[in-house]
Amino acid sequence: MPRNGKLVRIILVLGAVAVAASFAVTAASAKRSAGSLKGAGSSFVAPLVNAWIAPVNSNLGISMSYNAVGSGGGVSAITNKEVDFGASDAPLSVFSPTCTTCVQIPWALSGTAVLYNLPGAKNLLKISGAVLAKIYLGQIKKWNDPALQKLNKGVNLPSTAITVVHRSDSSGTTFNFTDFLSRVSPAWKSKVGTNTSVAWPAGVGGNKSAGVAGIVHQTPGAIGYADVAYSTIAHLNVFKVQNRAGNYIIPRLKNIKAASALDTHPAKDGSLSIVNPPKNAKYANAYPISTYTYVDVQKSSANAANLKKLINWAVTKGQAFGPKLIFQPLPAAVVAFDKKQIAKVK
Amino acid sequence: MSTLDTTTDVARRPLSGRRAHLGDLLLQGAAGLAALGAVVLVGLIAYKIVQGAKLSLSTFGLGFITHVGWDPVHLSFGAGSFLFGTAITSIGALILATPLSIGIALFLTELAPGGIRGPVTALVETLAAIPSVVIGLWGILVLGPVLRDHVEPFLHSALGFIPLFGPPNSAGTGIFTAIVILTIMILPIISSISRELFLSVPGELKEGALGLGTTRWEMVRGVVIPYTRGGVAAAVILGLGRALGEAIAVAQVIGAFTGISWNLFNPGNTLASMIALNYQGASSGLELSSLIYLALILLVFSIIVNIVAQLIVRRVAKRQGLAQ
């Protein structure tokens, strides 16, 4: 019974998230001890950071803990020095007040997948950024809308109503997704904009990735979004998203890697955007909703030595843990930049 | 909830005129401290909330309360849609839960055969022990689809002429789902308090009524309900308090829509769930402060509800001639 299997899996994942969230709150005020590092933030990068905990302990002798409280929570925790490092999918400049005494280091690379549930339809239907923006603006309401049908020639799309599903909580994934929509749709940019949460013009909200996946899973006709790693766990259908070269791209490692070729030189503040690469043969296979996610640390930190060790390891050896979790290892130029950033921590 | 006036009670008189025992002193000190602690705590919470909401208070003023909208990109915030959502979900849940809970309590005290009273009571009370996050998950994955596929279409076709029962929502998450979830959550509170109250009705009164030849229903209506009316009203208000403040389960099933929709099947949002969903990730100081402003509104709302509850209980008690 595949349907039940899927349900059980979603329930398990949801349960794990709930437990993690409740721990996060209590742990945020826990005490620190020497040789241990505490981090909090992005749930998007949490699977990777959690995979690092054991090897960091055995290789570096540092016991590390991480609470996936969300990007905004991570930024406020590092700003208030409640943790040794914060993790955020959105660059620091998005937040106000933000951490002005922090160093921002891109430390993982992945993407955001667009999910759907359409009974009878195959996986990997095609969608373009412009159509996706119209769907999220509530202007395209049916699956057999000419715009969608045109993208999927040869597929007989039903007249099922589209249910738009978005995050109801603030989230770095929402930042990535709305960043993409703002870049492909002027209407989206002016009416809604880019942020970790926005005034959604249409649809229903789900709490965390698990909530979005849950609603998409049980709603025929639903379209939602989640980070690529989560969408793989949730076993939901994903769209191939059209990039500016005109190709329809699956959210997969090699296509995220192709997008990373766009720019490997972070800005002075450490931010690096590779969303929606321009029309160019070089990015022919680039997945357009690819994103870096950041670790933020205070320039002067009581645990500077251990922090530097940890982040140095994370952006080098730690990257090897990525591919299994659909994180593309960082390009060499970004690693070189990161090492310079890490040197600023004292 | 009902506060008996105990100042005339001998035991309540200060220690003068009686020999002061060390135990008495300790008891008075400890109990007094505990009571004081509660008062101080509420005061501190109120102080912190007002302080946190200052930025939003000075930016938006009182217009915030009625403004409908929440836009973190353009920094425009308002509580209107969440106040509406809180009111409609809580009232809806009370309308469903009150008769059901009183029915359960009456069944358990007056009608059920002895053998099943214990197990059913335990099961109803178990409902209260289910963590709200679990109820919320069940709401998304199980209850939502059932409501969407069966209950909502039925209500729409039968009562569609009332704007509240508009076209069903395709996702199964919305105000109606939140109402049903809240109903399940406040049911055990109202029913277990009501059950205790019904049990407290003196047997002679009931036997007397039955002896006069009343039916069981007449006995319930004429003796049990009037005798316990104030307490039951208080129990309902307690349930309302829970419904007003419940955050997580509602956040999971209500669909997080900012705006006012009279169709119960559309998504909405409440004060508590809005705070729970966005507090950790607020991207600006103004948004954070506005979320705390929402908390302030919720606090004031709860205090008003509590005061109203006290008044109701006192009035009912007076009418019964029980007040001293």
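From the N terminus on, chain B runs α-α-β-β-α-α-α-α-α-α-α-α-α. That comes to 11 helices and 2 strands. Helices here are DSSP runs of H or I with at least four residues, strands are E runs of at least two, and both are numbered from the N terminus.

Some ground rules. This is a predicted model: local features need pLDDT of at least 70, side-chain atom pairs count only at pLDDT 80 or more, and totals for chains, interfaces and linings use all residues. Residues are numbered from 1 along each chain as its sequence is written, while chains are lettered from A and ligands numbered from 1 in the order in which they are written.

On confidence: pLDDT is the predictor's confidence in each residue, from 0 to 100. Chain B averages 88, and 92% of the residues score at least 70. For the complex, the predictor gives an ipTM of 0.78 and a pTM of 0.83.

Now the overall build of chain B. Its C-alpha atoms fill a box of roughly 65 × 55 × 35 Å along the principal axes. Of its 324 residues, 41% count as buried. Buried means 20 or more other C-beta atoms within 10 Å of the residue's own; exposed means 12 or fewer, partly exposed is in between, and C-beta atoms are placed from the backbone. Two residues are in contact if their C-beta atoms, placed from the backbone, lie within 7 Å. Among contacts in chain B with a separation of 6 or more, 77% join residues 24 or more positions apart.

Next, the interface. How many residues of chain B are in contact with chain A? The count is 30 residues of chain B against 38 residues of chain A. On the chain B side, β1 (70-71), α5 (132-159), α9 (248-253) and α10 (271-278) each supply at least two residues. The largest share, 6 residues, comes from α5(B). By type, that side divides into 15 nonpolar, 14 polar and 1 charged. Nonpolar covers Ala, Val, Leu, Ile, Met, Phe, Trp, Tyr, Cys and Pro; charged covers Asp, Glu, Lys and Arg; the others, Gly among them, are polar.

Then the core. A nonpolar core is a set of buried Ala, Val, Leu, Ile, Met, Phe, Trp, Tyr and Cys residues joined through C-beta atoms within 7 Å. The largest has 184 residues, and V114(A), L115(A) and I181(B) have the most contacts inside it. Helix α6 (residues 175-199) of chain B gives the most to this core, 16 residues. Leaving out residues up to four places away in sequence, I181(B) touches partners including I135(B), L143(B), A249(B) and V253(B).

Contrast helix α4 (residues 114-129) of chain B. Is it covered or hardly covered? Hardly: the count of buried residues among its 16 is 0.

Over to chain A. Why is strand β8 (residues 222-227) largely enclosed by the rest of the structure? Because 6 of its 6 residues are buried. Strands pair if DSSP finds at least two bridges between them. Strand β4 (residues 102-117) of chain A pairs with β8(A) in the antiparallel sense over 6 bridges. There, T112(A) has D227(A) as its bridge partner. Strand β6 (residues 163-167) of chain A pairs with β8(A) in the parallel sense, over 2 bridges. T163(A) stands opposite A222(A).

That's the tour. Thanks.
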